[in-house]
Amino acid sequence: MSSLPTPLILIGPMAAGKSHLGHHFAKRYGLDFVDADHVIEAQHGPIPALFTAHGQQHFREIEAGVVTGLLADARYRNAVISLGGGAPMTPAVQDLLAGHTVIYLEVDEATVRPRITGNKTRPMLQPDPERRWREILDERRETYERLATIRLDGTGRRRVGSLVHQLHRALTELRRDATA
């Protein structure tokens with residue numbers, strides 16, 4: 001994987017499984033893994049509390065700063081980085097992603113329903129998680145698609161090992177196309 005343009009950046013909607021996939025892919029191929037939301041929480045506290053205390057705009061500014069830091073940090077040059085679902089909606093983050101390998105993990109409502117039904121911890125999904133998830137994806141889908149170098153089908157009950165293999169195959173094709 002070292003000849004691949006890293007870092008690899010995972011984007012997609014909330015509850016898509018970006019962190020789960022990123023962790024397994026990184027472990028399988030000897031890369032580092034970092035979840036931007038975990039970095040935000042380590043530096044600023046729980047995300048729901050940030051939303052409640054300061055609002056979405058303030059959170060997006062923090063998030064953009066964290067993404068900027070991760071992409072500038074030499075420790076993460078050979079890493080898989082998972083971004084929160086809304087991070088790519090910020091123009092500054094969109095600019096940062098240009099020139100990087102961006103993987104859009106595509107999922108549908110049926111795939112995420114078990115992960116979000118009754119969820120009270122994701123501020124953006126309240127008060128009706130399933131309806132809000134659909135609305136948010138409808139708002140964001142075009143941006144995810146536009147930013148993606150690779151679109152990875154994560155719908156249905158695919159096992160993470162299958163997604164890891166599918167992503168590796170797509171990256172191998174991308175590398176082959178780049179050298180052709």
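Helices are DSSP runs (H or I) of at least four residues, numbered from the N terminus. R132 and E135 are three residues apart in helix α6, which means that about one helical turn separates them. The model discussed here is predicted.

**Annotated binding-site residues**

- An unreviewed UniProt entry places the feature "binding site" at D37, R60, G85 and R140. The lining of the largest pocket includes D37, R60, G85 and R140.
- The UniProt annotation "binding site", again from an unreviewed entry, also covers S19.

- D37 belongs to helix α2, which spans residues 36–44. Its relative accessibility is 23%, so D37 counts as partly exposed.
- Leaving aside residues up to four places away in sequence, D37 touches I47, E63 and G84.
- R60 is found in helix α3, which covers residues 47–72. R60 is classed as buried because its relative accessible area is 10%, and buried means under 20%.
- Residues up to four places away in sequence again excluded, R60 is in contact with F51, G86, A87, T90, M124 and R140. One of these contacts, R140, is also among the residues that the UniProt record marks as "binding site".

**S19**

- S19 sits in helix α1, made up of residues 18–29. With a relative accessible area of 26%, S19 is partly exposed.
- Beyond residues up to four places away in sequence, S19 touches F33, D35 and S82.
- The side chains of S19 and D35 are joined by a polar contact of 2.4 Å.

- Side chains of opposite charge can pair when their charged atoms come close.
- E135 and R131 form a salt bridge between their side chains, at 2.6 Å from N to O. Both residues lie in helix α6 (residues 129–147), four residues apart, or about one turn of the helix.
- E135 also takes part in a salt bridge with R132, whose closest N and O atoms are 2.7 Å apart. The spacing of R132 and E135 along helix α6 is three residues, so about one helical turn lies between them.
- Which of these residues are buried, and which are partly exposed? R132 counts as buried, because its relative accessibility is 16%. E135 is partly exposed, with a relative accessible area of 29%, and R131 is partly exposed at 31%.

**A further pair in helix α6**

- D138 and R141 form a salt bridge in which the closest N and O atoms are 3.4 Å apart. Both residues lie in helix α6, three residues apart, which is about one turn of the helix.
- D138 counts as exposed because its relative accessibility is 54%, exposed being over 50%. R141 is partly exposed, with a relative accessible area of 32%.

**A network of salt bridges**

- Which residues are linked in a network of salt bridges? The members are E109, R113, E130 and R134.

Terms used. Residues are numbered from 1 along each chain as its sequence is written. This is a predicted model: local features need pLDDT of at least 70, side-chain atom pairs count only at pLDDT 80 or more; totals for chains, interfaces and linings use all residues. Side-chain values use heavy atoms; hydrogens and water are left out. UniProt positions are given in the numbering used here, feature names are shortened, and annotations may be inferred rather than shown by experiment. On a 1 Å grid over the protein atoms alone, a cavity is a set of points where a 1.4 Å probe fits but cannot get out, and a pocket is an open set with protein on both sides within 12 Å along at least five of seven lines; lining residues have an atom within 4 Å of a point. Helices (H or I, at least four residues) and strands (E, at least two) are DSSP runs, numbered from the N terminus. Buried means under 20% relative accessible area, exposed over 50%, partly exposed in between (1.4 Å probe, protein chains only). Contact means heavy atoms within 4.5 Å. A salt bridge is a side-chain nitrogen of Lys or Arg within 4 Å of a carboxyl oxygen of Asp or Glu. A polar contact is a pair of N or O atoms within 3.5 Å; within protein, one must be able to donate a hydrogen and the other to accept it, and residues adjacent in sequence count only if both atoms are side-chain atoms.
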